[in-house]
Amino acid sequence: MNESTTNESTMTTAGALLHGVSKRYGRTVAVDDVTLSIGNGITGLLGPNGAGKTTLLRMMATVLAPDSGEIELLGHTTAHAQSREAIRRRLGYVPQEPGFHRQFSAFEFVDYVAVLKLINDRRERHDEVRRVLDVVGLTSVMHKRIRQLSGGMRRRVAIAQALLGSPQLLVLDEPTAGLDPEQRLRFRELLSNAAHGATVVLSTHQTEDVAALCKRVVVMHGGVIHFDGTPAGLAGLATGRVWLADERDPSAQLAWMTGDGTVRHVGEPPVNARLDEPHVEDGYLLLVGASVLQESSWR
Amino acid sequence: MEMIVIGALVFGVAYAFTHRGSNRVDNDHWQPARPAIDSEEHFEPRADATGTHRGASVQLARLEGRQLLRNEAFIVGIFMSIAILVVFGLVWASDNIGAHNSWRYWLALLPVFTLPFAGMTLVAMNLAALRARREGVEELFGSLPATATARVVGHVGSVWMALIVQIGFVCSTFAIGWFVTEHFGTIDAASIGDVAVSFVLVFCAGSLAVALARWLPNPLGALAALVVLAIVGSAIGAIGGHHWSLTRQLSIWPRYPDHDWALAIRPNWWHAAYLLSLGLFVAVVAVARQRRDRMVLVLGVGTLSLAGLTGYLQTRPMTDADAERIAAMVSDPAAHSTCRTMDGLSLCAYRDYTDITEVWARELTAPFAAVAPQRRVDEFAVVWHETHLDRLDPAVLDQIDVDSLGASWKAQAATWNGVEIDGTESNLVNRLALGLWSVDLPLVPAPPGPAGEAPCSVGGQARGVVALWVAAQGMSADDAKRFVSGTWNGFGDSEDGPDVPADWIDGFVWVGDAIPPVLWSAADIAAAQALLTLDPTTVRDSLWADWRLWSDRATTTDDLIAEFGVEPSGERAALPTGLVPCP
C-alpha cells in the first residue's frame, strides 16, 4: 500500500517517467527495457560510449520514438502528437552534436529557435533571447556570425537556446564537451540555478560534474541501468576498494599515478597499500570500467 | 566567354557580400569580469512558449525572408534583374524607337525578364529550406513545438522578400519605359495581367523550392528542376511557331503571336490564375510530405482543380464577337485609327497607339519639309496596319480575305506606308518611305514573279540619292551617315537579311527580314553621303528649283554629282542578274 502510494506520488510529480523503454538499431539493442522515474533537480547520466545514453536522451527529447515501452514527460505521454507538442513547449534540449546555422549570428540563431519554440511576440522573444545569451555570457558577441565563434562559444549558444522560456525539463547531452575548466565551472553555476523547480537530465563523461551538480546519478552500460542512486552512493561502491601505493601493482586492473607520485589503485589492494577516500569516478570505474577497458583493449 | 567572366564576377561579389567579416572571434572567457550568475533575474523568463503555429509561420517567414538577402544565389538573381534592365531597357531599347516599343510589348517581356530572378529565387529558397538538414540542426528543431507544417509554411512565406525585390524590378521597368525609352500605347488589362504573372512566377519559384526540399532533399534537385522547366516550358511555349496556338498558354512562359497584340486576345489573367493555382498546389504538396490529413487532401484537390479549370479557360478560343471586332480592325485599319494631319502629312495609328503619332510627327517633320511644295500637294500617309496576316488567330483569319486585302494594300502603297510591329524601326521605315514617295519610287516590292517578290534597282538614278537625302533630314551628321549607309539597327546587309541573291545586296537593304522595294548601288550611297555634308538649305533650294528633273528616272547620279560639285567614291557595279531598274 505504501509502495503503491509512493509510485502514485512519483507518477504525478516526476518530470520524466520511463517504463520498459527499449530501442533497437537493427540487431543492436541501444536501450533495453529501461524503467526510470526522474524528478526535479539535476540527474546525471553516466556511461561509456555506446552505453545508450544518447538514445535514451533523444527519446526523452521526443525526437526518437521508443520501439516499446512508455515515456511520460511533464505529465504527458510522448505517444501522441498533441501531447508531444505540450511537452516540447516546456522542454529544452542540447543534442550531443548540436548543429548551427553558421551564417546566422548567435542572436539570430537563438531567435530562430525561439520562433520554433512558439514564442510569437517579437519584442518579448527578443528580450528572452537577449536574456539567455546574457546567461551564457555571449552578450558581447551575440551579433557575430556563428561560424566566427569558437567551439566553446558555439556550445554556449546551444545551451542558451535550451534555456529559452525557462523550460521545466532540460535534456542535456554532454553539454560541457569543448568547454574549458572555467567555462565548465560557470556552466555548473548556471545549471544549478536553472534547475530550481525543473527536471534536468545531464549526460556527461565528467564525473566531477556529476559529483558537483547532481543529487542523483544513473549509470548506463549496454543499454541497461547499472546504478541508480546518489553520487555519494556511487562513490560508496568503491568504499574500501581505493588504495594508494608507492608502486603500481602489475596485476591491478585499474591503477594510475597521481600528481604527488603515488599510485592510485581501484579494486584489489596492492602490496603495502593504504586505503583512500573513494570518489564518484572510482565507483563508476568499478561499475563499468573493467568491462569497458576489456572491450576497448586498452590494457 | 564574357558571360562566364561576368557571371563569375557577380558571384564573387555576392559571395564577398554574404561572407563579409569572417575573422574568427577568440574563445574568450565566460565574461568573468561581470558579476556571477546568481541573480534570480537571470532565470525569470521574459517570454513563454505559448504562441501559435500560425504565428510561428509568420515569424519564420519574416526571418527567412531577411536571410534570403544573404544568399549568394538570390543576390545573383537580383544582379541578373539589374543586368536585364540595363541591357534590354537602356542599351538595347534606347536604340530602338520602333513599333515594338509599345507598352504592350514591353510589359509582355516582364514575365520573361523575371525568369532568371525567379530561377535564382528557386535555388536560394531551396538552399534555405535544406539548411537545417545540411547543417545538422534537424534533431534540435525536432525537439521544438513548431510542427513541420509550420516550418514549411514559414519557408514558403519567406518568398515575400523576393516579391519585394520584384516590386522594385517592376517599378524600374515602368520607370525606364516612361523616362528612357518612350514607350507608347495604352497599358491595358492584359498588360497589367503580365505584371501579375511576373509576381506569380516568383511565388511559384518559392513554393517549388520548398516542395523540392521536402521531397528531394538535395540542392541538385533545384538545378535539375530548372533545367526540366526550361526545356518543357520552352517546348510547350513555342508550339505553333509563328502561328498562334492556344496550347502555349499551358507553358510557364507562353510565346505570344508574332503580330500586333492589339489584334489578339491574350488571356493573361487566366494565365496568372493558372500559375497561382499551380504554385499553391505545389505548396500543398510540400506540406503533404509531413502532414497528410483531410485538410491537406481538400486543399490539394482544390488547388489542382483550380489549376485545371483556369488552364482550360485560358486555352478557350476567342469569342465570335472578339473575332469580328479584330477582323474589322485588320481589314479597315484607318476606320479604327486616330489620325494626326499636318499640311499634307497624315499619321494614323490604332486608337491604342495614338501617342506613337507624336513620335512619328517629330521624326517626319524635317524630311517632309525637305520635299518640294509641289510634291507635298499629294498627301503622304502613314497608317498602322498588320502585315503578318497569316499569323493571326484562325478565328480572325476565317473572317478575312487575306489575298484581296494584301492586294488592296499594295495598291495604296504609293501613299500609304504600313507600319510593321515585328521589330522594324518604324521611325526609320517612315523616313525612308517618305523619301521614296517624294521622288515617286515604289514603297513596296514588285509583285511576285517566278523568284518571288523583288526589289527594283535605283542604281545610277539621281532620284534614289535624293530620296536618301530627304529621308535623312533632321538627323545629326553621324546618325544621317549611319542611316544612309544602311548600318543602323535593323538595316543594312545584316545576317538576318532577306532571302535574295547575295549580289543584289550591294546597296541598301532597308528592312531586316523583308524584301526591300528598292536597292541602291554603292556609288549612290556614297553620293548621298556626300550630299549630306553640304548645307541643307543650299541643297534644298537647288532641288526645289527643278524637282521634276531630280525626280525623273532619266536623271543620273552623275548629273547630280555635277550639279553639286561633290566627288563621291563607290563602285558603280553592273546591274545584277534578275534585278530590273525602278520604273
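**A tour of chains A and B**

Select Thr78(A): Thr78(A) is buried, with a relative accessible area of 10% (buried means under 20%, exposed over 50% and partly exposed in between, with a 1.4 Å probe and protein chains only). This is a predicted model, in which local features need pLDDT of at least 70 and side-chain atom pairs count only at pLDDT 80 or more, while totals for chains, interfaces and linings use all residues. Residues are numbered from 1 along each chain as its sequence is written, chains are lettered from A and ligands numbered from 1 in the order in which they are written, and side-chain values use heavy atoms, with hydrogens and water left out.

Stay on Thr78(A), which sits in the loop between strand E5 (76-77) and helix H3 (81-88) of chain A (helices, H or I of at least four residues, and strands, E of at least two, are DSSP runs numbered from the N terminus). Which residues is Thr78(A) in contact with, leaving aside its neighbours within four places in sequence? Select Thr62(A), Ile71(A), Leu73(A), Arg84(A) and Ile87(A) to show them (contact means heavy atoms within 4.5 Å).

Now select the whole of chain A. Its secondary structure comes to 10 helices and 14 strands. The radius of gyration of chain A is 21 Å, close to the 19 Å of the globule rule for 299 residues, so chain A is as compact as a globular protein of that length (the radius is taken over C-alpha atoms, and the rule is 2.2 Å times the number of residues to the power 0.38). Along the principal axes, the C-alpha trace of chain A spans about 70 × 50 × 40 Å. Of the 299 residues in chain A, 56% are buried.

Next, select chain B, which has 24 helices and 9 strands. Of its 583 residues, 50% count as buried. Take the contacts in chain B between residues at least 6 apart in sequence: 75% of them join residues at least 24 apart.

Within chain B, select helix H24 (residues 557-564), where Thr557(B), Leu560(B), Ile561(B) and Phe564(B) are buried. Why are these residues on the same side of H24(B)? They cover an arc of only 100 degrees around the axis, which puts them there (the arc is that of the directions from the helix axis to the C-beta atoms).

Last, select Gly565(B), which follows H24(B) and has a positive phi, near 65 degrees.
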